[in-house]
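Work through the exercises below with the sequence and the model side by side. Try each task before reading its solution.

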Amino acid sequence: RKTSQAVKLLREKISKIDKVMCEGSLRVLRLSLTRNNCIKAYNKLKLMATVDYLAHISMAVFLRHLGSQLCELEKLIDKMMIAEFSTYARNDLNRPLEDDCQILEEERLVSLVFGLLKQRKLNFYEIYGDEMINTAKNIIKQCVVNTVSQIEEIDTEVVVKLADQMRLMNFPQWFDLLKNIFSKFTIFLKRVKATLNTIRSVVFLVLDKNQKTRDLEDTLQKNSAKESLVDSEVAYLTHEGMFISDAFGDGDLPAAAADSASQRNTSPNSEPCSSDSVSEPECTTDSSSSKEHTSSSVTPGGVEMMISDDMKLTDLELVRLANNIQELLYNASDICHDRSVKFLMARAKDGFLEKLNSNEFLTLSRLMEGFILDTEQICGRKSMSLRGALQSQANRFVNRFHEERKTKLSLLLDNERWKQAEVPAEFQDLVDSVSDGRISLPEKKPTATEERKPAEFLIVEGQKYATVGTVLLLIRIILEYCQCVDNIPSIATDMLTRLSDLLKYFNSRSCQLVLGAGALQVVGLKTITTKNLALSSRCLQLIVHYIPIIRAHFEARLQPKQFSMLRHFDHITKDYHDHIAEISAKLVAIMDSLFDKLLSKYEVKAPVPSACFRNICKQMAKMHEAIYDLLPEEQTQMLFLRINASYKLHLKRQLAHLNVVNDGGPLNGLVTSDVAFYTGNLQALKGLNNLDLNMAEIWEQKR
């Protein structure tokens, strides 16, 4: 180790000796040679001055055009280099797009870029950018041609345009084509990235060389004053025949020499020589490398190149060029996305993408999302055009999905006669799957040997629901919305809004048709019966039962910041409850008008029961018959309690008008008999036997 350190110091001191003893003599020789050349040139000029005038003129003409000829020659070299780079870019980008992302002829690329930088052709990257655009177009075109050629159903002689040929593909064929295009674009971007990274590495190596050169110049300027003292000491010691390491100890070495030694130790050529420095002269030649005007650098691909000092480019120019090259990689991603969007829009012209079912649209969106993520990973920046196109198509898909189902619901409602429908087994299976916690459409089961008969009621968690055909289909439509959200989570908020609109539409339209009696004109019903009203109420109750389940389904698929949208379901629930209450009020109002009509003509006289009370009991029995099988027993009881309250009010008013009081007299007895008849008949109805009618309220209380 000590020997190695002594050798390093010796080599440094030999370098100093070289500067003191040799460089001066060599400079004298160079100056002498220069002087001789100047004398020869001077003599030639003297000779030219004495020649014939015409010879002088011709020589002047020759020299006059020499500058322009050199300029033209330089321009020609520039054009040749640009043409060479264009050829390289074309060959690089138009290679077969196999899964091979190696750089094409890296040595050639490095030399081309280095030459263009030396000639200050700093916009050469634009050539590569133009070629990228053409290649991206050709990739799509070639993929379409290859796919069409494999589809026998497409006659290319009849259908000439590629876009028209593409529109004849079905979804699986077109999807495979798009998948192939994305695969080719991914390989294309990887190749572009590899090539541009190599170009940037050349630019950074030149930039690094500039910085090192400046650092070296600054160091030499700082040490110039100190080195003069060391030079004189080295010269003295050399003449005395002493080793410098003998004259100076490690602690006595002058600062300048120490600085030089440290620089030597950190230089690339400062590896210690294993043999003796005196007996191996070649080891001492390393010090001569400090005089070279080129430095060796290696690109990431392992290509070594020499960078000369005559690369006259500023740091600002090099940094700007490196940024432009990086931006070119971003542009490559944008180009692929833009071409993909045009391809997508060409297929979407006839509404093809909007007509996809949710599973098909799911596979398409997943493919596009995967390609978007791949390009972001390769190029390091998000390109929004394809993502925007996907969102736009998703919005159109949602709109078309919603409009189709809303139109279907509208047609169903306009043809609904509001009669109880039988429940096919598949709809019972549908609601059973929801009861098990799965909000999805069950797979169609193979046809059984004995088909199950339709049921009279829909059984939901043990409760019977009488319903109409429209509502059965509405439940299926609601589950289609929920399943679509599962398939495409990105459209959850849009689907929630559309489903809310659908539920509101059913509520308002059914109200117009039944409560508003619109069904009289739309489907030609003669009248809206109590049965129609009760059935409508039960249908609304069935939908209300599913609203909390639907709400929970969407809540699990929304971001916390989107939870405010769930208030739509709260508003819808309130609207449905209000509608149900209006139907109940309408049923009570029907009987109220009947009581008003009959009891206003009631007279207290024999025989008992009177015709009025017989008629009232008959109408109550009809009402009960109409609604009992449709509404749950507790709802029927609550409804008849309200009807009974209306009956008592009208009877009380008529008795007051007739001045019949609860005095135990004959008239009071007749009324009591009629009321007992009414009470007996009402409590005899199914489910009403325990009803507390509180008939004492018909009499005016004595003050």
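Buried means under 20% relative accessible area, exposed over 50%, and partly exposed in between, with a 1.4 Å probe and protein chains only. The model is predicted: local features need pLDDT of at least 70, side-chain atom pairs count only at pLDDT 80 or more, and totals for chains, interfaces and linings use all residues. Residues are numbered from 1 along each chain as its sequence is written, and side-chain values use heavy atoms, with hydrogens and water left out.

**Exercise 1. Salt bridges**

Task: Classify glutamate 603 and lysine 605 by accessibility, and state how their side chains meet.

Solution. 
- Step 1. Glutamate 603 has a relative accessible area of 46%, so it is partly exposed.
- Step 2. Lysine 605 has 48%, so it is partly exposed too.
- Step 3. Their side chains meet in a salt bridge, with 3.2 Å from N to O. A salt bridge here is a side-chain nitrogen of Lys or Arg within 4 Å of a carboxyl oxygen of Asp or Glu.

**Exercise 2. Two arginine pairs**

Task: Find the salt-bridge partner of arginine 387 and that of arginine 452. Place each residue in its element.

Solution. 
- Step 1. Arginine 387 pairs with glutamate 376; the closest N and O atoms are 2.6 Å apart.
- Step 2. This pair links distant parts of the chain: arginine 387 is in helix H11 (residues 384-414), glutamate 376 is in helix H10 (residues 358-379), and 11 residues separate them. Helices are DSSP runs of H or I with at least four residues, strands are runs of E with at least two, and both are numbered from the N terminus.
- Step 3. Arginine 387 is partly exposed because its relative accessibility is 22%. Glutamate 376, at 16%, is buried.
- Step 4. Arginine 452 pairs with aspartate 429, again with closest N and O atoms 2.6 Å apart.
- Step 5. Here too distant parts of the chain are linked: arginine 452 sits in the loop between helix H12 (425-435) and strand S3 (458-460), aspartate 429 sits in helix H12, and they are 23 residues apart.
- Step 6. Arginine 452 has 55% relative accessible area, so it is exposed. Aspartate 429 has 17%, so it counts as buried.

**Exercise 3. Backbone geometry**

Task: Which peptide bond to proline 607 is cis, and which to proline 609? Then inspect phi at tryptophan 418 and asparagine 694.

Solution. 
- Step 1. A cis bond joins alanine 606 to proline 607, with omega about 0°.
- Step 2. Proline 607 lies in the loop between helix H17 (567-599) and helix H18 (611-627).
- Step 3. The bond from valine 608 to proline 609 is cis, with omega near 0°. Proline 609 is in the loop between H17 and H18.
- Step 4. Tryptophan 418 is not a glycine, yet its phi is positive, near 55°. The residue is in the loop between H11 and H12. Its relative accessibility is 3%, so tryptophan 418 counts as buried.
- Step 5. Asparagine 694 also is no glycine, and its phi is about 50°. The residue belongs to the segment after helix H20 (666-684). At 36% relative accessible area, asparagine 694 is partly exposed.

**Exercise 4. A cavity**

Task: Describe the lining of the second largest cavity.

Solution. 
- Step 1. On a 1 Å grid over the protein atoms alone, a cavity is a set of points where a 1.4 Å probe fits but cannot get out; lining residues have an atom within 4 Å of a point. Points are joined across faces, edges and corners, and a volume is the space filled by probe spheres set on them.
- Step 2. The count is 2 cavities of 30 Å³ or more.

Conventions:
On a 1 Å grid over the protein atoms alone, a cavity is a set of points where a 1.4 Å probe fits but cannot get out, and a pocket is an open set with protein on both sides within 12 Å along at least five of seven lines; lining residues have an atom within 4 Å of a point.
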